[in-house]
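Q: Got a model open here and want to go through a few local features. Can you keep it short?

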There are 2 protein chains.
Amino acid sequence: DDKEEPLDFSDPYSGDPSRHPVLKVNSQKPFNAEPPLEMLTENFITPNVLFFKRNHLPVPNINPDEFQLIVERPPGAKQGKPLKLSLKDLKTKFSRHEVTVTLQCAGNRRSEMNAIKTVKGLDWGAGAISTARWAGVRLRDVLSDAGYTENTPNVQHVQFEGLDQDVTGTKYGASIPFRHAMSKDHEVLLAFEMNGEELPKDHGFPLRVIVPGVVGARNVKWLGRIIVSEEESSSHWQQNDYKGFNPNVDWDTVDFSSAPAIQELPVQSAITEPRPGEIITPDEDDGKVTIKGYAWSGGGREIVRVDVSLDGGKTWKVADLIGEEKKGLVWAWKLWQLEATIPAEDKEITIICKAIDSSYNMQPDTVAPIWNLRGVLNNAWHRVSVTVARDQH
Amino acid sequence: DDKEEPLDFSDPYSGDPSRHPVLKVNSQKPFNAEPPLEMLTENFITPNVLFFKRNHLPVPNINPDEFQLIVERPPGAKQGKPLKLSLKDLKTKFSRHEVTVTLQCAGNRRSEMNAIKTVKGLDWGAGAISTARWAGVRLRDVLSDAGYTENTPNVQHVQFEGLDQDVTGTKYGASIPFRHAMSKDHEVLLAFEMNGEELPKDHGFPLRVIVPGVVGARNVKWLGRIIVSEEESSSHWQQNDYKGFNPNVDWDTVDFSSAPAIQELPVQSAITEPRPGEIITPDEDDGKVTIKGYAWSGGGREIVRVDVSLDGGKTWKVADLIGEEKKGLVWAWKLWQLEATIPAEDKEITIICKAIDSSYNMQPDTVAPIWNLRGVLNNAWHRVSVTVARDQH
Ligand SMILES: [Mo]
Ligand SMILES: [Mo]
């Protein structure tokens, strides 16, 4: 259902941009879609048109010449008048910073949780993750310009307000810890470019937040306003969504105030080739097949190893990693590849991958014990079952 | 085998201190021992005599009045003469800092790996982890005094040299990243006090490094010398030990240069009560038993939840957490407790625990897929099987 709709002013989504037809659409309004997995790992940097789209609301139409970012100041500063920055101000008053960052939706791989027991949420496959080179200015520089220092008292959180809103005027919002926002090491960005182009409409034109290593939901798009506060964002998405729970918590017993808002994400990996149910043909000469995938971890933890099993987890081979060289914290995924020999007798095999990050965090073996009612944070081993075709000579 | 030995000058271990008889000794020379698990979780702060002991070499005899910490300076500074600091210098020239930190040996819970397939290393149970309140001075302040800044060029690692040595004069050594050492958030300490007492001999008297959130092996005891370098420590323990590998890597194929040195540790938890094989008696009135344990994660990630299962992982209850309130990064464990109802029909049950940290990292389900030849980093779900005794009325 992704054919073009005629313009309809009673439809708040009528201003949404057109999208690449190859995307797998999980929801048309708001638009949510992921690239086909085999295309996702063709490039270390995901092309903008293929980058997964995760919108909570209609895409707002923003005139870049009139756009102003509003940054609330600390109490008492400049009579409480907010700092207002045009796009030109942002591009000329602050130094430019670029960083390669993988973003992942908390719901990536939700469909595997859904298969065990129904969850509430879009039925994402393993494609709600992508990588881009982002350019913009450092959030810490903008906060400093508004009068904040690392020692400003009574501030714990930086709230972001989007310009996307529902019919009642409620805007998208989220927050991150102030310490995180001010950290030089964490490279939090107000980005106006994605892979050398101005931000596409679906990705937050003209300005979005990039919080490296942190769940997609805090990387607020169409950024309109920044508020520094003692409190987290009061938005639905910060308070009553994007949190993890014990598998036995259901909608009758859930207490959203009992769990922390998801920020840094755990270690993750997935197989992108072959695809589930595929008939694979080992090379005639050496009996090998190529297995490909991605691996990533939050919090700046680099992927240090990916293990792949062809026998249901009994034995494991180490995959080759393809990535960027970077000192310090690492925000981008690794693509991985393994040329694997299929045991001659096997007709049906299950391929499994698991990744290890620089804190030696491991992925859990199975989905059921981490199942949760919102279907977030699925980072269990990824399993793909295929049939092996054999030459009959 | 922990009775007192007569003083023997041909024995390099003859100067070792006496130890509490309740400790379970894994190795007498060097001394390695852990507390009984049920005593470990009696207190949030582990008493010094019960704190696990992990020595690689004989305990050195150091005269505190003659002790000098040597800190090498950046090239060119003060004709290359090192900074020398007496204990009094450390206590008077720098501001005091205190922090509650849980230390864990990389080999904690190695015995569960050993049970699957033999590993090389001391056969630790789940007691190679303890918590203390450490006092000392910030490493970053001492490095600043020696002339280093965050922008000093060509420095990547801070190497620590112990005063403990083997018969050939080889000293214990380890290193941490320079960025980590200089970070205000990471609170790396040169500690001279442990739980309000001067450091016990077994814990590094008179001075040791405390690297919150990082594997025990980098918390160098009997610290004698600090070297800032482009390179990691060249010691055996940094280069050819304390690294994780794929379960199919054996001693014929292992390449220690292929894996990163363990620094920040992954999420961990264990059951301390009841003990394996114990016969437990549910409360006559409500059929409940008390289950206790600890949970901790490296890298300053706070434990946010502990799940406990009494049915082999099919259903999970949330345990109560007991801990310290702390803003920002969290270095101490949580103790946990659950009053659990034993299903009336069950005679044998397996209790399982798993913890979740603030990055929503999860523990892997099973040990075999994370098995490695050195038996480090076992953080699989902890399982304890017990027999249920029933009143026959
Ligand atoms: Mo998301
Ligand atoms: Mo250790």
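Q: Where does Pro206(B) sit?
A: Pro206(B) is in the loop between strand S11 (197-198) and strand S12 (208-210) of chain B. Helices (H or I, at least four residues) and strands (E, at least two) are DSSP runs, numbered from the N terminus. A cis peptide bond joins Phe205(B) to Pro206(B), with omega about 5°.

Q: What should I know about the model and the numbering?
A: The model is predicted, so local features need pLDDT of at least 70 and side-chain atom pairs count only at pLDDT 80 or more, while totals for chains, interfaces and linings use all residues. Residues are numbered from 1 along each chain as its sequence is written, chains are lettered from A and ligands numbered from 1 in the order written, and side-chain values use heavy atoms, with hydrogens and water left out.

Q: Back to the peptide bonds. What joins Glu273(B) and Pro274(B)?
A: A cis peptide bond, with omega about -5°. Pro274(B) lies in the loop between strand S14 (268-273) and strand S15 (279-280) of chain B.

Q: Backbone angles next. What is phi for Arg109(B)?
A: About 65°, positive although Arg109(B) is not a glycine. Arg109(B) is in the loop between strand S6 (96-104) and helix H3 (110-114) of chain B.

Q: Is Arg109(B) buried or exposed?
A: Arg109(B) is buried, at 0% relative accessibility. Buried means under 20% relative accessible area, exposed over 50%, and partly exposed in between (1.4 Å probe, protein chains only).

Q: And what about phi of Trp222(B)?
A: Near 45°, again positive in a residue other than glycine. Trp222(B) sits in the loop between S12 and strand S13 (223-229) of chain B. Trp222(B) is buried too, with a relative accessible area of 1%.

Q: Switching to cysteines. How many disulfides are there over all chains?
A: Zero, from a search of the whole structure. The cut-off for a disulfide is a pair of cysteine sulfur atoms within 2.5 Å. Cys353(B) is in no disulfide, and the nearest cysteine sulfur, that of Cys105(B), is 19 Å away.

Q: Is Cys353(B) buried or exposed?
A: Cys353(B) is buried at 0% relative accessibility. Cys105(B) is buried as well, at 6%.

Q: Salt bridges, then. How many over all chains?
A: A whole-structure search finds 40. The criterion is a side-chain nitrogen of Lys or Arg within 4 Å of a carboxyl oxygen of Asp or Glu.

Q: Which residue does Asp145(A) pair with?
A: Lys93(A), at 3.5 Å from N to O. The pair links distant parts of the chain, 52 residues apart: Asp145(A) is in helix H4 (residues 139-145) and Lys93(A) in helix H2 (residues 87-93), both of chain A. Asp145(A) is partly exposed at 33%, and Lys93(A) is partly exposed at 47%.

Q: What does Arg374(A) bridge to?
A: Asp241(A), with the closest N and O atoms 2.6 Å apart. Arg374(A) is in the loop between strand S21 (348-357) and strand S22 (382-388) of chain A, and Asp241(A) is in the loop between helix H6 (236-239) and strand S14 (268-273) of chain A, so the bridge ties together parts 133 residues apart in sequence. Both Arg374(A) and Asp241(A) are buried.

Q: And Glu302(A), what is its partner?
A: Lys334(A), with the closest N and O atoms 2.9 Å apart. Glu302(A) is in the loop between S16 and strand S17 (303-309) of chain A, and Lys334(A) is in strand S20 (residues 334-341) of chain A, so the pair ties together parts 32 residues apart in sequence. Glu302(A) is partly exposed at 27%, whereas Lys334(A) is buried at 7%.

Q: Which residues share partners in one network?
A: Arg96(A), Glu98(A), Arg133(A) and Glu193(A) are joined by salt bridges into one network.

Q: Last one, Gly121(A). Where is it?
A: Gly121(A) is in the loop between helix H3 (110-114) and strand S7 (129-138) of chain A. Gly121(A) is partly exposed, with a relative accessible area of 40%.
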